[in-house]
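Morning, everyone. I have one structure to go through today. Let me put it on the screen.

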Amino acid sequence: MTPPLARELFALEPGLAYLNHAAVGVLPIATRDALHAFIDDHAARGVLGAAPRENAMPQYRARIAEFIGGMPAEIAMLRNTNEGATILAQGLDLGPGDEIITGANEFGANAYPWLALRERGVTVTLMDAPRERMTPDALRARISPRTRLVTVSWVTFDDGYRHDLAALAEVAHAAGALFVVDAIQGLGAFPFDVAALGVDAVYGSGAKWLMALQGVGFLWLRAALMDRVALRLPGWRSVADMWNFLDYDQPLAQNATRYEAGTPNFLGTLAIAMSMDVLAGVPREAIAAHIIALTDRLVDGLLVRGCTLLSDRSRDDVKSGIVTFRRGEENPLTIGARLASANVCVTARAGGIRVAPHGQTTADEIDQLFDALG
């Protein structure tokens, strides 16, 4: 079970079993070094050190667009996933009589921006996930002529259910609705192509499976839809010529950079671009296959040890890099503390233990978790 992402590409602490990429991913060495170089240049030369990275922003956007199968003009760099959803929710012409459909187990970043539209009279329908997953058939039974938009996380943050985005997009479009996706818990772990999937907008951030910094994200918006998403938070970089500071009457930028508003996070954008280069150095399918193999090994070992799975592992197409479990009546926080003392990093919450290996994770790290469980 050789990791497709070579361990030599990372500076992981010896003895640490890092199984927590659904929380925060680890930086590859190439990304770390590029960030250090940026900071050193900024410290030594101020704007002269920072300007080359600012000037490289078009190349960074192009790298991100290539990674997801889009066009550079369709990429806006943002602070986080939440901001991407908010730009869409506030920019689309939605009002009384319109409906949005999403899941009841969405992470807040893809829930609160849509729920806020209830103040405008928009109906926000929550499917009873995880009891009722948003499958194509379930969506088809719920969607109506009033439905203007469907949104879902590609992979659910709590139990790792992976949705069939292409099929859901087809159902939404057949009803005349847009289909937009929070991709943060799958992007970097599984192949993703916006054109093949037929989605209308995608938002995410670099902190998790993309193995970049926290506090930086992006929005991909299909170019044909840009005029339908009004700019509600304009800034000096939203216009066609941002360096013509006093021409307040000039038109908006003709690409997605209009949504960036102010100065973007150059350091964070560099981190995403560099980490995407590392991820693209091996076939995306190989990373996905390794993650599935590791989580299958994890599931088998957990079941042998009397654990209860909270993740749906019934079919390969719904599996992801996230496995959540409980063990009898034992408090998950107690288990989490025991794993941490054994140098095993996972997420422990009252509902269960969440484990999330990546393409550089080894089978030995899974076994280290088993040893700590007892």
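Start with strand β3, residues 99–103: five of its five residues are buried, so the strand is largely enclosed by the rest of the structure. Buried means under 20% relative accessible area, exposed over 50%, partly exposed in between, with a 1.4 Å probe and protein chains only. Strands (E, at least two residues) and helices (H or I, at least four) are DSSP runs, numbered from the N terminus.

A caution on the source: this is a predicted model, where local features need pLDDT of at least 70, side-chain atom pairs count only at pLDDT 80 or more, and totals for chains, interfaces and linings use all residues. Residues are numbered from 1 along each chain as its sequence is written, and side-chain values use heavy atoms, leaving out hydrogens and water.

Back to β3. E99, I101 and G103 point one way; I100 and T102 point the other way. In a regular strand the side chains alternate between the two faces of the sheet.

Which strands pair with β3? Pairing takes at least two DSSP bridges between two strands. Strand β4, residues 123–127, is parallel to β3 over five bridges. There, T123 is the bridge partner of E99. Strand β5, residues 147–153, also runs parallel to β3, joined by three bridges. In β5, L149 partners I100.

Now cysteines. C345 is partly exposed, at 24%.
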